[in-house]
Amino acid sequence: MSDEPRDATPAAASESGADVSDGFAARLSRFRERESSTVLITIVGVLVFPFIFNNLLNGYTQLATLMLIWGIFAVGFDILLGYTGLLSFGHAVFWGGAAYAAGIFSASVSSQPLLVLLAGTVFAVLLAWVVGFLSLRRGGIYFAILTLTFGQMAFYLAASPLAFLTNGENGFTSVTIAPLLGVIDLHGGVPFPLSIAVDNMLYVFVAVVTVLSVAMANRILHSPYGIVFRAIRENERRAEFVGLHVWRYKLMAFIISAAFAGIAGSLFAIEGNYVPLGSLYWTESGAIVIMTVLGGVGSLFGPLFGAGLYLYIENIVSGFETLGSFWHLILGIVFVVAVVVFPDGIWGGIEYLRDKVTGGDES
Amino acid sequence: MTLLDVEAIDGYYGESHIIQDLSLSVDDGEITALLGRNGAGKTSTLRCISGATPPDVRSGRIRFDGVDITDEPPEDIAVRGISLVPEERRVFSDLTVAENLHLADTVRNKANTLGRDLDFRDDGMSTSDIYEYFPRLDERRTQKAGTLSGGEQQMLAIARALHQSTDLLMLDEPYEGLAPQIIEAVENAIRRISEAGTTILLVEQNAVAAMKIADRCYVLDRGQVVFEGPAEELQADQETRDKYLGV
Amino acid sequence: MTLLQTEQLTKQFGGLTAVDEVDMEIEQGEGVSLIGPNGAGKSTLINLVTRRLEPSYGDVSFKGESIVGMDPHEVVQQGMSKSFQTASVFPELSVKENATIAALAAEHGSFRVNFFRHRNSYPAVEELTNDVLRSVGLYGERETQADSLDYGNKRRLELGIALAAEPDMLLMDEPTAGMSPDETQSTVELIKRVKDELDLTFLLVEHDMEIVFDISDRIVVLNRGSVISTGTPEEVQNDPAVQEAYLGGVEE
Amino acid sequence: SGDGGDGGGGGGDGGDGGDSDSYPALGNFPVEGDTVTFGFNVPQSGPYSSEGQDELRAYQLAKKHLNNGGGWIEDFEDLSGDGVLGYTVDSVNGDTATDADTARQSAQRMINRDDAVMVSGGSSSAVAIAVQGLCQQENVMFMACLTHSNDTTGKDCVRYGFREMFNAYMTGQALAPVLEEEYGSDNTFYQLYADYSWGQTVQESMNQFLSDVGWEELNSVPTPLGTSDFSSYLSEAANSGADVLLLDHYGLDGANSVSQAVNAGLDEDMEIVVPLYNRPMAQAAGGSIEGVFGTIAWDSQIDNDASNSFTTAFEDEYDRVPSGPAQLAYAQTLQYAAAAERAGTFYPPEVIRELEDYEYDNVGLGQETMRACDHQAQRSIPVARGLPESEQSDGNFIDLVQVTSRDDVGYACDSGPAAECELGEYGDE
Amino acid sequence: MTVLADILTILLNGLQQGAIYVLLAVGLSIILGTLKFVNFAHGALYLIGAYLGLFITGQVPLSNGQLADWGIEAYGIGLGFTAALVLVPIIVFIIGILMERFVARSFYDRPDTDQILVTFGLAVIVQELLRALLGGSSQPFPQPGWASGPISLPIIGNFPRWRLGVIAITAVLVIGVYALVEYTDFGLIVQAGTLDEEMVRLLGIRLSRPYLVVFGIGAALAGVAGVVGGPLANVNPNIGTEQLVPAFLTVVIGGVGKIEGAVVAGLMLGTLQVALIQTGYAAWSQVGIYALAAVILLVRPQGLLGSEVDVA
Ligand SMILES: Nc1ncnc2c1ncn2[C@@H]1O[C@H](COP(=O)(O)OP(=O)(O)OP(=O)(O)O)[C@@H](O)[C@H]1O
Ligand SMILES: Nc1ncnc2c1ncn2[C@@H]1O[C@H](COP(=O)(O)OP(=O)(O)OP(=O)(O)O)[C@@H](O)[C@H]1O
Ligand SMILES: [Mg+2]
Ligand SMILES: [Mg+2]
């Protein structure tokens, strides 16, 4: 992110005699560091993704949509896990909580998608403020279990005592979504120029939110917050002793990640017109941890890949004729193999390969 | 007779070549000092000898008492009679002072090392002697080591090494954080066990302090030996001292 | 002006009184060293002042205001910074980022809600960071990752972080431990220089008497939690009580 | 809502159905190519996987019979045994993992990628409700398999979903007279019920219909989701002094509560009833279900032509006795195919209209009506009783006591669960 | 008198309800506390224990799964329950040792999340392999003949005999492990190894074996839990995952690494749950245990008996 010129590269280039590729690598690395390029990459990514996914990977647009939704969740979660170093095992409460809030809002207040999205996100943020306030007294496994505890409490509350609101075990079935801005039917088709790339308005809507979310995450990580979060992860006590109110920054990290979970959870309700009770269960919290770690913690794009792979196995592999019923087993094997072969997650693996190809450009 | 013989070792942290073709030897009963500036590789050398990784030793041999210990794990090397006062103390913070010492108790370690080649003597310094040297530790027997003051922890680290059955005692900056009068006490202890026959390898930044008790000195720079010889010779060699020791 | 003052400051651990009714005053601009035998209570005293420990009783005031009950970060925000006994940096961040963290806290307070402004748009922070790195001699290493610095440079960075917090007073617990003589010398020079340049007040714990006598305006001697002597280096050096408890002589 | 599918829109009908001219595109209509795809969405992992496998076998059997004849094809006069409407039947499978969300995603894939015109499955009410909601939204037919909650054709009912299985309300109606006859008319009873909508509807219905026969409920206690150790609930139940203990638990929870009740000696002083039996539960409970009453979807012991011919066909194919859910799966698939044939098109609104108020007697439980007002089949209900361990054998754990006639069960369109049902749109309004 | 009986019943029920939590939590806790290893496969060890118990105890008919498809009709060697009670811990101990050696060891230096990922993956693999081979349906696990049926206790009245057995077995095992960890040099070495592994080795102490043993013991406790817990409910491939969350909760409420903490926490959770059920608040019993957990952790973030410093 620094604008200062780098001085190491030319020397290295003339030494290795590979001017062209090293020059390219340097340019590439500068490009990557500019904020606008991150956004650009994301836009291109969400545009070409459904095409590749549907045609080459046996996918379908609704799953691509769902992948982006989980991807948003994972990107936000990584701000907490990867950058701040806090492992929450209760983030389902924000995902599911936002989904319920959005669903209930849509059924009883307004079914405007943007308002529904806002309602779910605000709910997640408020909830995170409370849960974070209570949970952030201790780090490590204690924090993980405390958040898990709040998550499970929410699950059991929604299952029975609050069933009059949530419709309990059957899930919330009365989500209603009006056309976006009164005109665009989210479940309808796409007008011409866009229809080359995607075929579904809901995908376009989610993709736009995804791009905005990635841009937002990127900006947060490039604001002072990003560096403070990393400082807290590496040496919390020292951060306190340079005069930072560590606890409040941690709370902010928690709330920010919950806001992403809230955006994603609301989209999930909008996408499915339905909120399953299982969206609050601890396995959902586990899934987001796994997606993030699988993709590679501490990177912006890694979690997106993790979410994609997880959902791919869950939804595509599970439909295979013979292997299908073993998809859980395959998922388990993927976890084990990935964590052994790619200690830094899929993204770490990709970066490694890229460095190999471009000849390495680390500073 | 040579007790410890380090022959042309190369040590690496990942890809960085920290110890370069380093050879040194320590004679039985001698006090040998290993000197050099920050980052010269002194601690790394001790780690190579004691079997701790990193750095990983990719070439060269280390022999102790005639046995090749280059590839042995640290616990076996310790059992052979090499003990270490490590940099940064490394006391077991949640255990009490007494428990910390107890862990170094050779008799008990013997029980734990069943099945290994055990030709070492049970002659570590007794706890009562130790408490005599360091009355402060005596007072604090039941205190958790992590709550000791910096200097007290350093005393404990030294005491622990003394309590081990040892032929070669390696001390990495033993005076760090000690008040002047305790430094004296530690010097006395080192002299006394040296006289009793234990060989000493002393790592120091402070060449003046080290030369006071050392018989022989090695000076390291960037992982290489740049001087070796009797302490008096180094004392006289103003150039080496200026260049590599800053004194 | 009295910058730091302790009154009857006491800390007990179980039956042990580590710091025993210490009254101490440090004036603005003064350089004070705290010496004493191992376990005398020096680090405990420092920790009481920086709010890492809660006093059993007694009071600490900074700039005339009691700081008992404050959080550590609040004390730092008041202008009191601490350099740590063992080098405590942010290992995976670059040297520059390490200093930036402290500079951010200095320029913008302990917490800021605006998480949306780009880091590069804070020129004051940038400037402060660069100044500090230059003065501790790490400007050339600013892109290096902190944990690949050698020990001496880590200590320098550690000091740099403390300075980037823009303190009025700096507490240092054995800042030269583990440094070679020339490193030690340059650190001492550095401390002297920043003291003059920034009109910094410091409280230093140190066992190396050469340094202590070289650098201090005043020395406080602690033994078994109590102040047994205080005065200029010469006065303290010649105090028989100090001679006995610390400098030479035998332990009781 | 419009075309949620792959953007193909209308046109391009390569098959020989030729019905796309008369109806607009809707859901996955028109069918492209010369095969028509059904989606079979069953639990293939998780605790109900063995049940799911049996359902899957029945679905595959149905597919085979639809394409090649056999089984019930002869008795279903609308079916030819040569595909449906001239299309060959193809299928895709999915795993619900007995989880509503997974099931919904899986159905989504069948609908959007594989262009299924009909999805069938179930095995838990939450799953069925989630999937039928999706099907309504996507204008794809849903033929429910095993789902027993009142809500499926009550407050969560949809136009595109049809249920052959009876519900908790009807269980109460079917079971109460049998219990009265067996245990007398002035009993007290105590209920433990799973604390979610299905368990609650069972508890309410049992209370209602047992009160009608003069029994008195002493207490009913909810057991939270995920309970596997019921011992303290059971010791409270034992202390109540009730004559009959009702365990309104689904499947494996039921197996646990029944066997724990028997192990704690509760069966010595009170009679135990499990309102809804299923096979994995009976199998897991082992000898504990001896003498325990309950209702069951269907059983191979039911002796009529349709039942016997299904049992034979299934045994010929798989060498095992079919379970109740297998019969449901088979029947629902054929039912859909027959309706499409009658309609002459896969255009969903027309198929729905064919199924609504359809009268039939060819699935093994006598005369039935698929009621138009809530899409709930009005049918007879088998009541069964657990066999002692010594008489249990492979696939056979219960003794059929009676089949309660459909005239004795059921409720009007404006009462019971149906009063809360609003079916929604056909999609061609 | 009846109040007394009620209270005693609640306590005894709470004890037995908590006993399984305790067995699992103690094993989990020593592994987490001493090796700093987050073992999400602990539930899978419980699962293995239960299935091994079934296998050793009797003959289990197979009607589903691959084995059944291959024509195998039953599995089991029919040595009886006592044999299972002896053999299962030994076998699971060995499994634990293999797990330490081939899985955990290479993950000690890696972040918690990697440990979670790999052990969770393993747990899924175990669970799904069992399901694929033996089918997903529940199997009844008969109580041992010598302990079935109710026993008449003073004041309380009838109580299932086997549940008393569970309490007794748990108590004996937990006390044994506690003594081993707290009062022996073995325990001291392991504790020291937790704090600074390399330094322990530099003192001449070989750590690989104590680590193996700790992992083995932790695993064996989970295995025993499977055998003694199996007859309380039926056995199916999902029971392992179901136990994981309560077990972790118990560990953390008690304080990581604290055996006595795990015991207190397990009994508190068990008793609270039972008390809510038996006083008519059954609908709140699950919410209740999580609320209690939250309150405890809010008041004492390090757990009931945990130490002040962050352990994991
Ligand atoms: N874990 C490590 N990884 C990478 N490099 C290291 C590591 N530890 C030490 N080094 C580097 O190895 C070199 C030698 O370090 P070593 O600690 O052996 O020096 P030393 O002579 O003991 O210095 P000091 O007097 O500061 O203790 C230094 O340049 C140091 O930066
Ligand atoms: N948490 C604690 N519990 C018990 N005793 C403690 C605790 N913390 C410190 N002490 C004791 O208080 C005394 C003062 O310790 P302190 O660390 O302040 O000494 P110090 O003067 O800094 O010594 P040094 O020069 O060795 O660093 C020591 O004897 C120490 O053992
Ligand atoms: Mg060193
Ligand atoms: Mg100190």
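**Disulfides and cores in a predicted model**

Biologist: How are the bonded cysteines of chain D paired?
Modeller: Taken in sequence order, the bonded cysteines of chain D pair 1-4, 2-3. This is a predicted model, in which local features need pLDDT of at least 70, side-chain atom pairs count only at pLDDT 80 or more, and totals for chains, interfaces and linings use all residues. Residues are numbered from 1 along each chain as its sequence is written, chains are lettered from A in the order in which they are written, and side-chain values use heavy atoms, with hydrogens and water left out.

Biologist: What makes D:Cys157 and D:Cys421 a disulfide?
Modeller: A disulfide is a pair of cysteine sulfur atoms within 2.5 Å. The sulfur atoms of D:Cys157 and D:Cys421 are 2.1 Å apart, so the pair meets the definition. D:Cys157 lies in the loop between strands S4 (141-144) and S5 (161-163) of chain D, and D:Cys421 in the segment after strand S15 (398-404), 264 residues apart. Strands here are DSSP runs of E, at least two residues, and helices are runs of H or I, at least four, numbered from the N terminus.

Biologist: Why is the disulfide of D:Cys157 and D:Cys421 called right-handed?
Modeller: Because the torsion about its S-S bond is about 95°.

Biologist: And why is the disulfide of D:Cys373 and D:Cys413 called left-handed?
Modeller: Because the torsion about the S-S bond of D:Cys373 and D:Cys413 is about -85°. Their sulfur atoms are 1.9 Å apart.

Biologist: Are D:Cys157 and D:Cys373 buried or partly exposed?
Modeller: Buried means under 20% relative accessible area, exposed over 50%, and partly exposed in between, with a 1.4 Å probe and protein chains only. D:Cys157 has 6%, so D:Cys157 is buried. D:Cys421, at 12%, is buried too. D:Cys373, at 25%, counts as partly exposed, as does D:Cys413 at 37%.

Biologist: What is the largest nonpolar core?
Modeller: A nonpolar core is a set of buried Ala, Val, Leu, Ile, Met, Phe, Trp, Tyr and Cys residues joined through side-chain atoms within 4.5 Å. The largest has 420 residues, and those with the most contacts inside it are B:Leu4, D:Met141 and D:Phe346. Helix H13 (residues 246-272) of chain A gives the most to this core, with 17 residues.

Biologist: Which residues does D:Met141 touch?
Modeller: Contact means heavy atoms within 4.5 Å. Not counting residues up to four places away in sequence, D:Met141 touches residues including D:Cys135, D:Tyr160 and D:Leu355.
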